[in-house]
Amino acid sequence: MHIIREDGSLDPRLDPGLSIDQVVALYKAMTRTRVIDDRLQRLQRQGRIAFHVGSLGEEAAIIGSAAALRDRDWIVPCYREVGALLWRGYPLQRYVDHMFGNADDPVVGRQMPDHTFSREHRYLCVSAPIGTQLPHAVGLGWAAKKRGLDECVGVFFGDGATSSNDFHAAMNFATVYQTPTLFLCRNNGYAISLPTDRQTATRTLAEKATAYNMSALRVDGNDVLAVWRAVREALQRAREGGGPTFVELMTYRLGGHSTSDDPRIYRSKEEVESWRRADPLVRVRKHLEQRDVWDDDIDADWRSACEAEVKDCVRRAEEKPAPELREMFTDVYKDQPPHLAEQESRCLAGPRAPEEDQD
Amino acid sequence: MPEMNLVQAINSGLRGAMRENDDVLVLGEDVGRLGGVFRVTQGLQEEFGADRVIDTPLSESGIIGTAIGMALHGMRPVSEIQFADFIYPGFDQLVSEAAKYRYRTAGEFQVPLVVRTPYGGGIRGGQYHSQSPEALFIHTSGLKVVCPSNPYDAKGLLIEAIRDDDPVIFFEPKRVYRAVKMEVPEEPYVVPLSEAKIVRAGEQVTCVAWGAMLYEAFSAAEEVAKQGIDVEVIDLRTLWPLDVETIVSSVKKTGRLVVVHEAPQTCGFGGELVALVTERAFLYLEAPPCRVTGWDTPFPQTHEQEYLPLAHRIIPAVIETARY
């Protein structure tokens, strides 16, 4: 499914009918996410943060999905979807504090960068093992259904996760119990270095849903309106008791898997260039320009506003101290058991590691 | 007060917990219509319906993983893994997810999940119906591990585990599921977690055991008593977080320690118990701490009575420790 055409006009048969303000908001969120990504990437290269896993090229798949969900719906992230969390109003400062693992990091320095969460925004916690979040999304929706609540769950995962054990467990439970779960598969072409056509022998990922008797949609994941429409359709089905839907979002990871990756080893410059021409930001911007609500000046102003915002957050984050060492010993259990209290006092009293080299 | 065996007491505990809290539900393979392969959940589906006593597809990671999702929503699922030997497909969900959710969200989310699973040998179950994998879960920060030996404790500990806000692995000694009967109140009650119990007071040797091996330790103690050796037997009940104080004060009195468990010796929980006691009571020890355990082999079929640390192996170990 494509909705935004090459020239920026919309396919009238599929146009989901968003107001122009809504489309501007989508574009602005996508651009903001990219500016933040770009800044974090550079901070990592400068050695100021340890790691970043970005969403360059996948902004439409992420923001479009988040926008189609309601605030009452849950988002269960993979790890590239901080744009969805920011869309829900998560404070940028909190995210940047997390990236620095400082005293205001919501997880007080316990997880590597880009492992965020927020109960307030109904956004579960990123975890690195692939696919383990999928059964949680099914259980979460199942609980909402059992409790008679109008809440659905959108769970993000990549093409690689479709090979994981938990993918099959989750797909099966979701259909057997008809849970209101939206399987949002960002097929970005690669699981680190492995291309999707080596990940699976099936022609598409969406057809895997057929084996579970699950509805499936396959859409242009770089077309934010197509993503919005598909996810909203899946949401409607789930709300009406029609159970889960598999949504394959066809996109491309323009950057590396993470800041630790070098994609030049496994894919050609030409391939990347061809996908750059399908940049999801360019697509929606063309439409906005065609509607006369956006131009180069507005764009430059918006980008520099985002730049200034993130720079400001980074400055503040760098000024904050590290979390207290004792935080390492809390939240293992609800109440700290004696063995951890004992280890905490030993650690606090004991010799300190030498200061790490800062260059 | 009615007499119950372990199966009946656990059933009664589940029933009580489900009656007092609508958020408690049971899910697992064959737990509903059949009432579980050991009949532990018998009659629960009739009382609470198929939405709360759920027959699931055959997928341990699904049974545990979806239960984690329900727990994140605030429910209190009790997952049954049919045999502890089959828990490994759900191991990633327990170790990477359930155990770490509170820590990695600084307490914003919690996973009040109980995983019940029959463990241990002695039922002619061979490699895949006999294992005792408790050490793997004790080693995982964030999990609580419980292993009752008798019906009264089983019911009280299970209700407490369901009320607890942390994930609990609840190992049930299937070898004595129907072998032990005692008076158990019909009404819900709790036995606190992390409290060991001295089941036989003694002065000369401390013997620590749990689950089905408790009975072997006890009968070994009775046997050596005839030879004038006075053994104190401790039932751990909760394996982790551990009530180390009860063990250490006992060893400070006796000066001698024997630990019994079914799991293989190397890196078994016995090694940790010996280390903990040695660190805390080194100058009180009159003999090397001793482990009587399963051998470091896969669990055998024909020779399971020789694999298990039954009384015939505990008795000489206790005598040797006492006479050292």
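Predicted model: local features only at pLDDT ≥ 70, side-chain atom pairs only at ≥ 80, totals over all residues.
**Chain B overall**

I started with the secondary structure of chain B and found 12 helices and 14 strands. Next I looked up its dimensions: the C-alpha trace spans about 60 × 40 × 40 Å along the principal axes. I then asked how the radius of gyration sits with the chain length. Chain B comes out at 19 Å, which agrees with the value near 20 Å for a compact globule, because that is what 324 residues would give. On burial, I noted that 60% of the 324 residues in chain B are buried. I also checked how far along the sequence the contacts reach. Counting contacts between residues at least 6 apart in chain B, 80% join residues at least 24 apart.

**Two domains in chain B**

Where they meet, 24 residues of domain 1 and 23 residues of domain 2 take part. Which elements supply two or more residues on the domain 1 side? I wrote down α6 (134–138), β6 (144–146), α7 (151–163) and β7 (168–173) of chain B. I sorted that side by class and got 10 nonpolar, 9 polar and 5 charged residues.

**Helix α11 of chain A**

I went through α11(A), residues 280–290, for burial. Its buried residues are Pro280(A), Arg283(A), Val284(A), His287(A) and Leu288(A). Down the axis of α11(A) these fall within an arc of 130°, so they line one face of the helix. The spacing rule is worth a reminder here: an α-helix has 3.6 residues a turn, so residues three or four places apart point the same way. What do the buried residues of α11(A) pack against? My list is α1 (20–45), α2 (59–68) and α9 (224–239), also from chain A.

**Where A meets B**

Last, I looked at the contact between the chains, which brings 36 residues of chain A together with 35 residues of chain B. On the chain A side, α5 (133–146) and α6 (165–176) are the elements giving two or more residues. Of the elements there, α5(A) gives the most, with 10 residues. By class I have 21 nonpolar, 9 polar and 6 charged residues on that side of chain A.

Methods: Residues numbered from 1 in each chain as written. Chains lettered and ligands numbered in written order. Helix = DSSP H or I, 4+ residues; strand = E, 2+ residues; numbered from the N terminus. Rg over C-alpha atoms; globule rule 2.2 N^0.38 Å. Buried ≥ 20, exposed ≤ 12 C-beta atoms within 10 Å, placed from the backbone. Contact = placed C-beta atoms within 7 Å. Nonpolar A, V, L, I, M, F, W, Y, C, P; charged D, E, K, R; others polar. Arc of directions from axis to C-beta.
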